[in-house]
Amino acid sequence: MTVIAVFNQKDDVGKTTTALNLLAGIAQRGVRPLGIDLDPQAHLSGIFGAHPKLADDSIYSFFVHQRALADVAQITPSGVIICPAHQELIQLDSLLGKSLNVITRLRTALKQAQGAPGPTVIDCCALQGVLSLNAIFACDLLLVPVSADYLGLEGEQQVERSLRALEPVFKRRLPRRYALTRFDAGLKMSSEIADLMALAFRPDEICKTRIAEDPSLAESPAEGLDVFRHAPQSRSANDYQALIDELVGAGFIA
């Protein structure tokens, strides 16, 4: 099954929101996806209602104690299986280093026959350390949210440079898609960012779907809900369903 890493080196661009609603939208298709929270802030875990008190009950123990992913996974009310994060993840770089065995640990686990029951979505932290490297090595697709503002675009250009720097290791171009978020068709800036994206990135690597600025999208995490459960008729729910349909059409989601 496909592994999608929602990746960005900039905060506040919609990484967790995108991971949350991808997982929930996939679950609505009758498939049980796996969510892996690799952000020490654990926002994705919290929205899904997973609040491990101990680091050993989180994805931390997968990396540090080599527990199986299934041992730390929880089934959520959204129908998503989540491997929750814990704040102790912040220590992994100093504890584990960045040897090849360490940065490919997640890839190895997910490639095993029973590694994942369905599509996997990884919520990455902003730092390019052992956690993000595990996600990049494990994924079949990097999905990069691009906030519709100038700082957001600058951040995505940094992502592109970082990915190019990693490509000699992979000996191939890493599959990625840039998805414009917080798009407001009534704002000139949003349209300008869309035009600049077309110049900055390969056309086939830019998602046609744009995630609109929508109050329901901002409200849903505060309610502990994905947008499909919070506001199923909203523009945001339609946008995320369209994004999933686009990824299905491109062969990234079965």
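This is a predicted model: local features need pLDDT of at least 70, side-chain atom pairs count only at pLDDT 80 or more; totals for chains, interfaces and linings use all residues.

**Exercise 1.** Work out how helix α8 and helix α9 are oriented to each other, and which residues make their contact.

*Solution.* 
- Step 1: Find the helices. Helix α8 covers residues 130-138 and helix α9 covers residues 150-170.
- Step 2: Look at the axes. They come within 12 Å and cross at roughly 60 degrees.
- Step 3: Name the arrangement. Angles of 65 to 115 degrees count as roughly perpendicular and those under 35 degrees as roughly parallel, and α8 and α9 are therefore oblique to each other. The crossing in which α8 passes α9 is right-handed.
- Step 4: List the residues. Leu 133, Ile 136 and Phe 137 of α8 meet Leu 166, Val 169 and Phe 170 of α9.
- Step 5: Sort them by class. This contact of α8 with α9 has six nonpolar residues, no polar and no charged ones.

**Exercise 2.** Now take helix α9 with helix α10, and decide which word describes their orientation.

*Solution.* 
- Step 1: Helix α10 spans residues 188-200, and its axis comes within 10 Å of that of α9.
- Step 2: The two axes cross at roughly 15 degrees. Angles under 35 degrees count as roughly parallel, so α9 and α10 are roughly parallel to each other.
- Step 3: On the α9 side, the contact uses Tyr 150, Leu 153 and Gln 157. On the α10 side are Met 189, Glu 192, Ile 193, Leu 196, Met 197 and Ala 200.
- Step 4: The classes in the contact of α9 with α10 are seven nonpolar, one polar and one charged.

**Exercise 3.** Describe how helix α1 meets helix α13.

*Solution.* 
- Step 1: The axes of α1 (residues 15-28) and α13 (residues 235-249) come within 9 Å and cross at roughly 75 degrees.
- Step 2: That angle makes α1 roughly perpendicular to α13.
- Step 3: Among the residues in contact are Asn 21 and Leu 22 of α1, and Tyr 240 and Ile 244 of α13.
- Step 4: By class, the contact of α1 with α13 holds six nonpolar, six polar and no charged residues.

**Exercise 4.** Is Ser 147 buried or exposed, and which side chain does it join in a polar contact?

*Solution.* 
- Step 1: Ser 147 lies in strand β6, which runs over residues 141-147.
- Step 2: Its relative accessibility is 2%. Buried means under 20%, so Ser 147 counts as buried.
- Step 3: The side chains of Ser 147 and Asp 149 are joined by a polar contact of 2.7 Å.
- Step 4: Leaving aside neighbours within four places in sequence, Ser 147 is in contact with residues including Val 13, Leu 153, Arg 182 and Ile 193.

Key: Residues are numbered from 1 along each chain as its sequence is written. Side-chain values use heavy atoms; hydrogens and water are left out. Axes are lines fitted to C-alpha atoms, for helices over the stretch in contact, and angles run from 0 to 180 degrees between N-to-C directions. Helices (H or I, at least four residues) and strands (E, at least two) are DSSP runs, numbered from the N terminus. Angles under 35 degrees count as roughly parallel, over 145 as roughly antiparallel, 65 to 115 as roughly perpendicular and the rest as oblique. A crossing is left-handed if the near helix is turned anticlockwise from the far one by less than a right angle, and right-handed if clockwise. Contact means heavy atoms within 4.5 Å. Ala, Val, Leu, Ile, Met, Phe, Trp, Tyr, Cys and Pro count as nonpolar, Asp, Glu, Lys and Arg as charged, and the others, Gly among them, as polar. Buried means under 20% relative accessible area, exposed over 50%, partly exposed in between (1.4 Å probe, protein chains only). A polar contact is a pair of N or O atoms within 3.5 Å; within protein, one must be able to donate a hydrogen and the other to accept it, and residues adjacent in sequence count only if both atoms are side-chain atoms.
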